[in-house]
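I opened this notebook to record what I looked up in one model. The entries follow the order in which I took up each topic.

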Amino acid sequence: MVTDRRPAIRDPFPTDFAMILYLVGFMGCGKSSIGRRIAERTGYAFADTDRMVEEAAGRTIPEIFATDGEAAFRAMESEALRSIPTEGNTIVATGGGTPCNPDNLAWMKAHGHSVYIAITADYLYRILYTRRQKRPKLANLNDEELLSYIRTTLAEREPFYTQASATIECTGASDSYIIDHILFYLDHLSDRPSPASSSLY
Ligand code: S3P
């Protein structure tokens, strides 16, 4: 159960240190919309690996999956991740499968901090129920298959997601709750710039 307890956030937000913050989590957890809003709020740059792949390929992700296959998409995704400048302040929305490649996970650990936006499988099902079409992994699944896919895949992926430097439990939480907690974590990191493993809530 999520409460409306809000962390205190320093304002203006500190920008006098350089870091990358990677947002990780399952499809539908809000990495892109939340990441964009955090970037606006902090003045950090924003990068979205899915959009970078689409721009580089000149095609949508469903088109890339359909014509080149998932392995080609994963290679492009890894390349996009590595092309993000590591010396600036940047919020990165990763794809749901990005940290499940151990090389990508190692890259993220070496170049920044990360937050896992954790949402239960049953709640993800409610979110993804009407959002299947733009996601090739989900587009052809019926309702029962969708729930089963989310439960199985989340269980497989959690060992990767939970290696993020912080995990925020976000089931049922509003975007503003999640944003405030990530800003709180960023504020905490500004005092402790070296990567540290912690679970916040
Ligand atoms: C994928 C998630 C998608 C996208 C691709 C594969 C996955 O990103 O990278 O469709 O395997 O979980 P989002 O998590 O932004 O939907």
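The entries below cover the overall layout, the sheet, a helix pair and the ligand shell.

**Basis.** I worked from a predicted model, in which local features need pLDDT of at least 70, side-chain atom pairs count only at pLDDT 80 or more, and totals for chains, interfaces and linings use all residues. I number residues from 1 along each chain as its sequence is written.

**Overall layout.** I find eight helices and five strands in the protein chain; these are DSSP runs, helices being H or I with at least four residues and strands E with at least two, numbered from the N terminus. Along the sequence I read the pattern β-α-β-α-α-α-β-α-β-α-α-β-α. Of the 201 residues in the protein chain, 34% are buried (20 or more other C-beta atoms within 10 Å of the residue's own, with C-beta atoms placed from the backbone). I also looked up contacts (C-beta atoms, placed from the backbone, within 7 Å). Among those with a separation of 6 or more in the protein chain, 77% join residues 24 or more positions apart.

**Sheet.** I note an open sheet of five strands, ordered β2-β3-β1-β4-β5 with parallel pairing; two strands pair if DSSP finds at least two bridges between them. β2 (45–48) and β5 (166–169) each have a single partner strand, so one side of each lacks a neighbour in the sheet. On average, neighbouring strands are turned by 20 degrees against each other, direction ignored. I recorded four bridges between β2 and the parallel strand β3 (residues 90–93). F46 has I91 in β3 as its bridge partner. Helix α2 (residues 49–57) packs on the sheet, touches β2 and β3, and makes about 70 degrees with the direction of β2. Axes here are lines fitted to C-alpha atoms, for helices over the stretch in contact, with angles from 0 to 180 degrees between N-to-C directions.

**Helix pair.** How do the axes of α2 and α4 cross? I find that they come within 9 Å and cross at roughly 110 degrees, α4 being residues 70–83. α2 is therefore roughly perpendicular to α4 (65 to 115 degrees). T49, M52, V53, A56 and A57 of α2 meet F73, M76, E77, A80 and L81 of α4. By class, this contact has eight nonpolar residues, one polar and one charged.

**Ligand shell.** Which residues are around the ligand? I list M27, K31, S32, D50, I61, G95, G96, G97, R135, P136 and K137, taking the C-beta atom, placed from the backbone, within 6 Å as the criterion. The shell comprises three nonpolar, four polar and four charged residues; Ala, Val, Leu, Ile, Met, Phe, Trp, Tyr, Cys and Pro count as nonpolar, Asp, Glu, Lys and Arg as charged, and the others, Gly among them, as polar.

Methods:
Contact = placed C-beta atoms within 7 Å. Buried ≥ 20, exposed ≤ 12 C-beta atoms within 10 Å, placed from the backbone. Parallel < 35°, antiparallel > 145°, perpendicular 65-115°, else oblique.
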